[in-house]
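Q: Hi! Could you walk me through this structure before class?

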Amino acid sequence: HRNSYGKRIVEGVIGVAYSADPRRAAALLAAELARIPGVATVPAPQVGIDGFRETSIALGYRYWVETRAYFDTRHAVNAAIYGTLIDAGVDILP
């Protein structure tokens with residue numbers, strides 16, 4: 001898929017502590033993406049370990065949204081990801 005007038009991809013990365021279970025954190029992110037209105041189900045959102053940084057494990061995520069709702073959905077997703085990780089006791093790091 002490619003960005004188009006109708007749909008646009010959003011990609012993000014968030015760092016979690018090495019003491020966290022990155023598989024659990026990725027599952028929490030995937031659950032949030034599935035819950036948020038405006039996140040397309042086709043193609044399905046993707047979440048996984050994006051890399052290993054000096055101080056954190058980078059979790060990458062990507063999902064599709066309607067172009068007209070890009071910023072609203074992106075902001076809602078970012079807030080939800082932050083909230084779910086904090087509520088689950090997962091330390092967020094740079």
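Predicted model: local features only at pLDDT ≥ 70, side-chain atom pairs only at ≥ 80, totals over all residues.

Q: Okay, helix H2 to start. How many residues does H2 have, and what does it reach from its first C-alpha to its last?

A: H2 covers residues 70-87, which is 18 residues, and it reaches 25 Å from its first C-alpha to its last. That is close to the 26 Å expected at 1.5 Å a residue.

Q: Which residues of H2 are buried?

A: They are Tyr70, Thr73, Val77, Ala80, Ile81, Thr84 and Leu85. Looking down the axis of H2, you would find these buried residues within an arc of 120°, so they line one face of the helix.

Q: And what's on the face turned away from the buried side of H2?

A: That face carries the exposed residues Asp72, Tyr82 and Asp87.

Q: What covers the buried residues of H2?

A: The cover includes strand S1 (7-16), helix H1 (22-35), strand S3 (57-66) and strand S4 (92-93).

Q: Got it. Which glycine follows H2?

A: Glycine 89 does, and its phi is positive, near 80°.

Q: Let's switch to strands. How many bridges join S1 to S3?

A: Ten bridges join them, and the two strands run antiparallel. As an example, arginine 8 has valine 65 in S3 as its bridge partner.

Q: What about S1 and S4, how many bridges there?

A: Two bridges, and the pairing is again in the antiparallel sense.

Q: Are tyrosine 61 and tyrosine 63 buried or exposed?

A: Both of these tyrosines are buried.

Q: Then why does tyrosine 70 count as buried, and where does that leave phenylalanine 71?

A: Tyrosine 70 has a relative accessible area of 8%, and buried means under 20%, so it qualifies. Phenylalanine 71, at 48% relative accessibility, counts as partly exposed.

Q: One last thing: what sits over the ring of tyrosine 70?

A: The charged end of arginine 8 does, 3.6 Å from the ring's centre.

Conventions:
Residues numbered from 1 in each chain as written. Heavy atoms only, no water. Helix = DSSP H or I, 4+ residues; strand = E, 2+ residues; numbered from the N terminus. Expected span 1.5 Å × (residues − 1). Buried < 20%, exposed > 50% of the residue type's maximum accessible area, 1.4 Å probe, protein only. Arc of directions from axis to C-beta. Contact = heavy atoms within 4.5 Å. Pairing = 2+ DSSP bridges. Lys NZ or Arg CZ within 6 Å of the ring centre and 35° of its normal.
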